[in-house]
Amino acid sequence: MAGGSVGVPAWLAPGSDRFVFIRWAGDEDARLFTYDAARRRETALLPGFTGAADPEVSADGRRLTFKRVVAGDRAGQPSIWVMDLDGKRAKASDRVEAGQT
């Protein structure tokens with residue numbers, strides 16, 4: 001893997017050679033990547049998209065969630081984003097205020 005600080009990986013499936021991770025140069029430069037250990041290949045997800053944190057892979061291995069603070073988030077609390085593992089269809093989830101069900 002290339003240089004830079006990296007976060008804890010989120011494995012795509014149990015026993016998989018692939019995982020998602022974050023690399024950053026600063027708080028606002030955090031970017032999502034996948035890494036294929038068998039091929040030693042790193043791929044950027046959403047190039048140019050910064051500020052991601054805490055990636056988690058869905059149980060079926062097809063979707064990814066992560067946190068990202070965007071304009072309008074209350075008191076700097078991050079929105080939860082959901083996207084396909086190929087980097088497509090990234091969107092912030094609907095917001096639920098505290099106390100709502």
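The structure is a predicted model, in which local features need pLDDT of at least 70 and side-chain atom pairs count only at pLDDT 80 or more, while totals for chains, interfaces and linings use all residues. Residues are numbered from 1 along each chain as its sequence is written, and side-chain values use heavy atoms, with hydrogens and water left out.

**Fold and surface**

The protein chain contains 9 strands and 0 helices. Here, helices (H or I, at least four residues) and strands (E, at least two) are DSSP runs, numbered from the N terminus. Along the sequence, the pattern reads β-β-β-β-β-β-β-β-β.

Contacts (heavy atoms within 4.5 Å) also describe the fold. Among the contacts in the protein chain with a separation of 6 or more, 18% link residues 24 or more positions apart.

The protein chain has 101 residues, and 30% of them count as buried. Buried means under 20% relative accessible area, exposed means over 50%, and partly exposed lies in between (1.4 Å probe, protein chains only).

**Salt bridges**

Side chains of opposite charge can pair when their charged atoms come close. A salt bridge is a side-chain nitrogen of Lys or Arg within 4 Å of a carboxyl oxygen of Asp or Glu. The structure holds 6 salt bridges, including those in the table.

| Salt bridge | Distance, N to O |
|---|---|
| Arg39 and Asp36 | 3.1 Å |
| Lys67 and Asp54 | 3.1 Å |
| Arg62 and Asp60 | 3.4 Å |

In the pair of Arg39 and Asp36, Arg39 is exposed, with a relative accessible area of 58%. Asp36, in contrast, is buried at 10% relative accessibility.

The side chains of Lys67 and Asp54 also form a salt bridge. Lys67 belongs to strand 7 (residues 63-68) and Asp54 to strand 6 (residues 53-57), so this pair ties together parts that are 13 residues apart in sequence. Lys67 is partly exposed, with a relative accessible area of 33%, and Asp54 is partly exposed at 45%.

Arg62 pairs with Asp60. Arg62 is exposed, its relative accessible area being 59%, whereas Asp60 is partly exposed at 49% relative accessibility.
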